[in-house]
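Please work through each task before reading its solution.

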Amino acid sequence: MSDGIAYAKIHPAIGVARVGNSTRDDGWYYGPETPDPDPMPAGSLKDETGAFKRQAARFRLYGYDSTGKVVCELTNDNASIEWGVHVANLKAAWYEFSLALDIPDMQGRSTPRRNKGIDRSSLVIDPGRKTLRAGTGQSVEFTGGTFQGIAVPLGRMHTDESGRLVVLGGSGRYAAKNSEPLHSFGNNDGW
């Protein structure tokens, strides 16, 4: 690397992209990027049809010198960047929810798995790692994952005008494979 840059780091280290059911191309917004953001204006989380916008996570790349000081943000203007992202949904293969962080629960009992008796790998929606080059106007969909053989898209990624990575969660649609009814907030086999 040049200009005194010894290494690079992605910030934030963990981003949160939330689902929404807006189908509009502009039906999304950036999630908080500072520890104490200003409140969003009332009504700004929904589009004009009343559907919820998706929350995007934006990632930046910073160059550091050998002492750990930030030299600069790396963008299209000063670097050639390729972003790689791997998202997956493992909830259906995970444990049942009863209490927060209850694996095992507070009495030392083991928490049962969701969707008992079903092949665990068929419950994991994993489209694999996707890549895109910053600054080329690319957009990559997180497609290719399935839930019990049914294709389930998990969102998309694109770059902004400076080459920063923007990750959007899925469209917020849900269904049961065989029309099983909902029984609780989180332990619904077949969903």
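The model is predicted: local features need pLDDT of at least 70, side-chain atom pairs count only at pLDDT 80 or more, and totals for chains, interfaces and linings use all residues. Residues are numbered from 1 along each chain as its sequence is written, and side-chain values use heavy atoms, with hydrogens and water left out.

**Exercise 1. Pockets**

Describe the largest pocket by volume and lining, and then the second largest pocket.

Solution. 
1. A pocket is an open set of points on a 1 Å grid over the protein atoms alone, where a 1.4 Å probe fits, with protein on both sides within 12 Å along at least five of seven lines; lining residues have an atom within 4 Å of a point.
2. The volume of the largest pocket is about 1500 Å³, where volume means the space filled by probe spheres set on the points, joined across faces, edges and corners.
3. Its lining comprises 49 residues, with Val19, Asn89, Lys91, Ile125 and Leu154 nearest the centre.
4. That lining divides into 32 nonpolar, eleven polar and six charged residues (nonpolar: Ala, Val, Leu, Ile, Met, Phe, Trp, Tyr, Cys and Pro; charged: Asp, Glu, Lys and Arg; polar: the others, Gly among them).
5. Strand 5 (82-86) provides the largest share of this lining, four residues; strands are DSSP runs of E with at least two residues, numbered from the N terminus.
6. The second largest pocket has a volume of about 250 Å³ and 15 lining residues, among them Pro12 and Arg58. Strand 3 gives the most to that lining, with six residues.

**Exercise 2. Strand 5**

Which side chains of strand 5 are buried, and which strand pairs with strand 5?

Solution. 
1. Trp83 and Val85 point to one face and are buried (under 20% relative accessible area, 1.4 Å probe, protein chains only).
2. Strand 6 (residues 129-133) pairs with strand 5 in the antiparallel sense over five bridges; pairing requires at least two DSSP bridges.
3. Leu132 in strand 6 stands opposite Trp83.

**Exercise 3. Backbone exceptions**

Where does a cis peptide bond occur, and what is phi of Asn115?

Solution. 
1. Most residues other than glycine have a negative phi, and most peptide bonds are trans.
2. His11 and Pro12 are joined by a cis peptide bond, with omega about -5°. Pro12 lies in the loop between strand 1 (7-11) and strand 2 (28-30).
3. Asn115 has a positive phi, near 50°, and belongs to the loop between strand 5 and strand 6. Asn115 is buried, at a relative accessible area of 1%.

Note on methods
Buried < 20%, exposed > 50% of the residue type's maximum accessible area, 1.4 Å probe, protein only.
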